[in-house]
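Please consult the sequence and the structure alongside the text.

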Amino acid sequence: MHAVHPLPATDWITARLRTGARRPFVLGIAGAQGSGKTTIARALAARLGCPVLSLDDLYLDGAARQRLAETVHPLLRTRGVPGTHAVAAGLAVIEALAHGPTLLPRFDKARDEPGAPERVDGPAEMLILEGWCLGARPQRDTELAEPVNDLEREHDPDGRWRRWVNGQLAGAYQALWARIDQLIFLQAPGFEIVADWRIEQERNAGGPMADAEIRRFVQHYERLTRHMLRHGCDWADLTIELDAARHSKLT
């Protein structure tokens, strides 16, 4: 199993952490699917003695996503894109951690439903927040005009889904990003490697999805992932470049 080497990366990150007046201090880790966000977040949390919250833990439940699928666009039944998270809940958790013990939401991906929350001690001095699109800014209208893959061509030919997702990103998500005190971006070498990384994750976890299903699945995130690969280093405070084997290039 290839992965980002956590020890050199955590050394590098820890040496570059800055202090802030807000509590908890929120360290964000962004990067494409399979880039090693969870590995680095857990290694840092163990070193720094702080809790971790994933953007994935804020997914809406199946019933809420089904309502979005019926009232906005069928593609919203699939979790992951902006608009399928309980962003206000994430902000509330950060605020609660400043004052005392807190229940962190957890999402059960096997069931595709929220799982049992995890109680953490507080107040917390620091929180690590990790997620694939942390820090992303919305695209310009002109960038939304043309489909980027077969999924958009077949299921969103008029652009209704991608415009709605972009509108969500421009709204409440920016308030959550604004609460991040320092953002690290794991820069993949290109989008083409993302499906391979996701397939490797599925195999290592013994998941049920076939390779073709995964390649289709990641098309839901291709537009915004490519957008982040172009601009993420401009939005982040620190960027870690990765090679195809997810080895980190630290300078």
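The model is predicted. Its open sheet comprises six strands in the order β2-β7-β1-β8-β9-β10, and the pairing is mixed.

**Strand order and pairing**

- The edges of the sheet are formed by β2 (52-54) and β10 (248-249), each of which pairs on one side only.
- Strands β2 and β7 run parallel and are joined by three bridges; here Leu-53 stands opposite Leu-129 in β7.
- On its other pairing, β7 runs parallel to β1, with six bridges between the two strands; Leu-27 has Ile-128 of β7 as its bridge partner.
- Strand β8 (residues 182-187) pairs with β9 (residues 238-242) in the parallel sense over four bridges, and Leu-238 in β9 is the bridge partner of Ile-184.
- Strands of a sheet pair through backbone hydrogen bonds, in either the parallel or the antiparallel sense.

**Burial of β7**

- Strand β7 is mostly covered, with six of its six residues buried.
- Met-126, Ile-128 and Glu-130 point one way from β7, while Leu-127, Leu-129 and Gly-131 point the other way; all are buried.

- Strand β8 pairs with β9 over four bridges. Helix α2 (residues 37-48) packs on the sheet and touches β1 (25-31), β2, β7 (126-131) and β8, with its direction at about 175° to that of β7.
- Helix α10 (residues 219-235) also packs on the sheet, where it touches β1, β8 and β9; its direction makes about 145° with that of β8.

**Largest cavity**

- The volume of the largest cavity is about 130 Å³.
- Its lining consists of 14 residues, and those closest to the centre are Gln-139, Arg-162, Val-165, Arg-223 and Leu-224.
- Two or more lining residues come from each of α6 (160-170) and α10, and α6 gives the most, with five residues.
- By residue class, this lining divides into eight nonpolar, three polar and three charged residues.

**Second largest cavity**

- The second largest cavity holds about 50 Å³ of space.
- Its lining is made up of Gly-31, Ala-32, Trp-132, Phe-185, Leu-186, Ala-188, Thr-225, Met-228 and Leu-229.
- The elements giving two or more residues to this lining are β8 and α10, and the largest share, three residues, comes from α10.
- Seven of the lining residues are nonpolar and two are polar, with no charged residue.

**Largest pocket**

- The largest pocket has 43 lining residues, and Thr-38, Asp-56, Lys-109, Arg-198 and Gln-201 lie nearest its centre.
- Helix α2, strand β2 and helix α8 (192-205) are the elements that give two or more residues to the lining.
- Helix α8 provides the largest share of this lining, seven residues.
- The lining of the largest pocket divides into 14 nonpolar, 14 polar and 15 charged residues.

Note on methods: Residues numbered from 1 in each chain as written. Predicted model: local features only at pLDDT ≥ 70, side-chain atom pairs only at ≥ 80, totals over all residues. Heavy atoms only, no water. Pairing = 2+ DSSP bridges. Contact = heavy atoms within 4.5 Å. Axes fitted to C-alpha atoms, helices over the stretch in contact; angles between N-to-C directions. Buried < 20%, exposed > 50% of the residue type's maximum accessible area, 1.4 Å probe, protein only. 1 Å grid on protein atoms, 1.4 Å probe; cavity = no way out; pocket = protein on both sides within 12 Å on 5 of 7 lines; lining within 4 Å. Points joined across faces, edges and corners; volume = space filled by probe spheres on them. Nonpolar A, V, L, I, M, F, W, Y, C, P; charged D, E, K, R; others polar.
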